[in-house]
Amino acid sequence: MVPVDIAHHVKEAVLEVTWDDGSTSRLSAALLRGWCPCATCQGIRRGCASTSRPRA
């Protein structure tokens with residue numbers, strides 16, 4: 001399948017992909033961030049309070 005249109009629905013936090021067979025996929029921002037390997041999406045960038053490690 002090949003995407004023919006991609007729409008970002010900001011208020012819903014959804015990315016909608018229309019495929020060449022006419023079907024559509026709606027992907028939530030949370031789902032996309034969960035699969036993204038970058039440090040920002042994974043919350044491990046420098047200074048991110050939510051990833052502070054406990055002291056031994």
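**Notebook: cysteines, a hairpin and a charged trio**

I started with the cysteines: the sulfur of Cys41 sits 3.6 Å from the closest cysteine sulfur, which belongs to Cys38, and that is too far for a bond. I am working from a predicted model, where local features need pLDDT of at least 70 and side-chain atom pairs count only at pLDDT 80 or more, while totals for chains, interfaces and linings use all residues. Residues are numbered from 1 along each chain as its sequence is written, and side-chain values use heavy atoms, with hydrogens and water left out.

**Cysteines, continued**

A disulfide is a covalent bond between the sulfur atoms of two cysteines. I counted one wherever a pair of cysteine sulfur atoms lies within 2.5 Å. My count by this rule came to 0 disulfides. Cys36 is in none either; its nearest cysteine sulfur, on Cys38, is 3.6 Å away. I then checked exposure, calling a residue buried under 20% relative accessible area, exposed over 50% and partly exposed in between (1.4 Å probe, protein chains only). Cys36 comes out partly exposed at 24%, and Cys41 is partly exposed at 29%.

I took helices (H or I, at least four residues) and strands (E, at least two) as DSSP runs numbered from the N terminus. Two strands pair if DSSP finds at least two bridges between them. How many bridges join strand 1 to strand 2? I found 6, and the two strands run antiparallel. One of the partners I looked up was that of His9, which is Val14 in strand 2.

Next I went to the turn. Ala13 lies in the loop between strand 1 (3-9) and strand 2, and this hairpin has 4 residues between its strands. Most residues other than glycine have a negative phi. Ala13 has a positive phi of about 55° although it is not a glycine. I also noted that Ala13 is partly exposed, at 36% relative accessibility.

**Charges around Arg26**

I searched the whole structure for salt bridges (a side-chain nitrogen of Lys or Arg within 4 Å of a carboxyl oxygen of Asp or Glu) and got 2. One has the side chains of Arg26 and Glu12 meeting at 2.3 Å, N to O. Arg26 is in strand 3 (residues 24-28) and Glu12 in the loop between strand 1 and strand 2, so this pair ties together parts 14 residues apart in sequence. Arg26 is partly exposed at 42%, and Glu12 is partly exposed at 49%.

The side chains of Glu16 and Arg26 also meet in a salt bridge, at 3.1 Å, N to O. Here Glu16 lies in strand 2 and Arg26 in strand 3, so the pair ties together parts 10 residues apart in sequence. I noted that the shared partners join Glu12, Glu16 and Arg26 into one network.

**A closer look at Glu16**

I placed Glu16 in strand 2 (residues 14-19). For polar contacts I took N or O pairs within 3.5 Å; within protein, one atom must be able to donate a hydrogen and the other to accept it, and residues adjacent in sequence count only if both atoms are side-chain atoms. The side chain of Glu16 makes such a contact with that of His9 at 3.4 Å. Leaving out residues up to four places away in sequence, I listed what Glu16 touches (contact means heavy atoms within 4.5 Å): Asp5, Ile6, Ala7, His9, Ser25 and Arg26.
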